[in-house]
Amino acid sequence: MLSEKIGTNAGLVWKALESGELSLKALKKATKLTEKDLNMTFGWLAREGKLKFNEVEGELIIGLS
């Protein structure tokens, strides 16, 4: 099921962000997820209030809330 895949991917993103904020590019590299999978995962985690998003010099930075 797709929701199980998103949940699994959420775990990958969470682990990657435990050590600190990452740019979108760095997070894609660390998790090896596609942009589509990352976007679904961001929606899942953001809805739960677990992510924060910032833009620094035009680059998206993602961190844990």
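**View A. The buried residues of helix α3.** In helix α3, the residues Asp-37, Leu-38, Thr-41, Phe-42 and Leu-45 are buried. Because these residues cover an arc of only 135° around the axis, they lie on the same side of α3. The model shown here and in the other views is a predicted one. On the other side of α3, Lys-36 and Arg-47 are exposed. The buried residues of α3 are covered by elements that include α1 (2–17), α2 (24–31), β2 and β3.

**View B. The extent of helix α3 and the residue that follows it.** Helix α3, which runs over residues 35–47 and has 13 residues, reaches 18 Å from its first C-alpha to its last, and this is close to the 18 Å expected at 1.5 Å a residue. Just after α3, Gly-49 takes a positive phi of about 75°.

**View C. The packing of helices α1 and α2.** Two packed helices are described by the angle between their axes and the distance between the axes. For α1 and α2 the angle is about 115°, and their axes are 10 Å apart. The crossing in which α1 passes α2 is right-handed. On the α1 side of the contact are Leu-12, Val-13, Ala-16 and Leu-17, which meet Leu-27, Ala-30 and Thr-31 in α2.

**View D. The surroundings of Leu-24.** Leu-24 is found in helix α2, and because its relative accessibility is 24%, it counts as partly exposed. When residues up to four places away in sequence are not counted, Leu-24 touches Leu-38, Phe-42, Leu-60 and Ile-62. The C-alpha atom of Leu-24 is separated by 11 Å from that of Thr-34, which is 10 residues apart from Leu-24 along the chain.

**View E. The pairing of strand β3 with β1 and β2.** Strand β3, formed by residues 59–64, pairs in the antiparallel sense with strand β1, formed by residues 22–23, over 2 bridges. In this pairing, Leu-22 has Ile-62 in β3 as its bridge partner. Strand β2, which spans residues 51–56, also pairs with β3 in the antiparallel sense, here over 6 bridges, and Asn-54 stands opposite Ile-61 in β3.

**View F. The hairpin of strands β2 and β3.** Strands β2 and β3 form a hairpin in which 2 residues lie between them, and Glu-57 in the turn has a positive phi of about 50°.

How values were computed
Residues are numbered from 1 along each chain as its sequence is written. This is a predicted model: local features need pLDDT of at least 70, side-chain atom pairs count only at pLDDT 80 or more; totals for chains, interfaces and linings use all residues. Side-chain values use heavy atoms; hydrogens and water are left out. Two strands pair if DSSP finds at least two bridges between them. Helices (H or I, at least four residues) and strands (E, at least two) are DSSP runs, numbered from the N terminus. The expected span of a helix is 1.5 Å times one less than its number of residues. Buried means under 20% relative accessible area, exposed over 50%, partly exposed in between (1.4 Å probe, protein chains only). The arc is that of the directions from the helix axis to the C-beta atoms. Contact means heavy atoms within 4.5 Å. Axes are lines fitted to C-alpha atoms, for helices over the stretch in contact, and angles run from 0 to 180 degrees between N-to-C directions. A crossing is left-handed if the near helix is turned anticlockwise from the far one by less than a right angle, and right-handed if clockwise.
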